[in-house]
Amino acid sequence: MPPREQLAEQLDPASTVLLTVECQQGVVGPDSALPELAREARASGALHNVARLVAAAHEAGVQVLHAVAERRPDGRGANHNARLFRAAGRLPVQQHSGTAAVRIAAPVEVADEDIVVRRLHGLSPVAGTGVDALLRNLGCRTLVVTGVSANVAIPNAVFDAVNLGYTAVVPSDAIAGVPADYTPAMIRNTLALVATVTTTKEALGCWQSPRRAMKRA
């Protein structure tokens, strides 16, 4: 983990955006299309930690952006060029636009100032979604990546953020994938090479301390 001073600089609320990835009811909720992933996201504490980070971001003035994956009921515009997409099309729970499946799942809370970006295609919550333009307009320099899954969408988001010139920060206990032992392996062998790896507690410390100082002033 980086020194606290370095992490605090990276997580400056004025230039940081917190990204939640596919923390939607149809993915991590009780009626998930991917029950194994949903169980791991909850049992590991990752979803709870995402909620803690979102709440702290709201308090500290950090912009929150929720990335949601969905598809039209007729499938128009959706990918069909990989096994993952074809399998998703056969699942009993579909991430259809406008349904409960694509609402942000509890305990993560969505504030009025949050931005929700919905994509109908691809694997990445960043590339080809308009997120880059939003981040630049928000003055973002650091993107904090949380959510699911460590198998696909999380590494996609991190790689895209780094390729676009952002500093990526990954709270290791606020992401989840399957099987359970895959996530730490992905973090150690891949994400740690390109992102700042931290913990929810360390990130919260960076956001909560300045707030307390302001309240005492």
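Modeller: Helix α4 gives the most to the lining of the largest cavity, with 3 residues, and since this is a predicted model, what follows describes computed geometry. The elements that give two or more residues to that lining are α4, which spans 46–60, together with the strands β4 (142–148) and β6 (175–176). Residue by residue, the lining consists of Cys-23, Val-28, Ala-41, Ala-46, Leu-47, Val-50, Gly-147, Val-148, Ala-174, Ile-175 and Ala-176. By class, 10 of these lining residues are nonpolar and 1 is polar, while no charged residue takes part. The space inside the largest cavity comes to about 40 Å³, and the structure holds 1 cavity of 30 Å³ or more. Rolling a probe the size of a water molecule over the atoms is what shows where empty space of this kind is left.

The open space can be described in the same terms. The largest pocket has a volume of about 790 Å³, and of the 31 residues that line this pocket, the closest to its centre are Glu-22, Leu-34, Ala-69, Leu-84 and Ala-88. Two helices, α3 (35–43) and α5 (83–88), each supply at least two residues of the pocket lining, and the largest share, 4 residues, comes from α5. Sorted by class, the lining of the largest pocket has 18 nonpolar, 8 polar and 5 charged residues, whereas the lining of the largest cavity has no charged residues.

One of its members, Val-194, has its place in helix α8, and Val-194 counts as partly exposed because its relative accessibility is 36%.

Val-108 and Ala-127 are 19 residues apart in sequence, and from C-alpha to C-alpha they are 24 Å apart in space.

Notes: Residues numbered from 1 in each chain as written. Predicted model: local features only at pLDDT ≥ 70, side-chain atom pairs only at ≥ 80, totals over all residues. Heavy atoms only, no water. 1 Å grid on protein atoms, 1.4 Å probe; cavity = no way out; pocket = protein on both sides within 12 Å on 5 of 7 lines; lining within 4 Å. Points joined across faces, edges and corners; volume = space filled by probe spheres on them. Nonpolar A, V, L, I, M, F, W, Y, C, P; charged D, E, K, R; others polar. Buried < 20%, exposed > 50% of the residue type's maximum accessible area, 1.4 Å probe, protein only.
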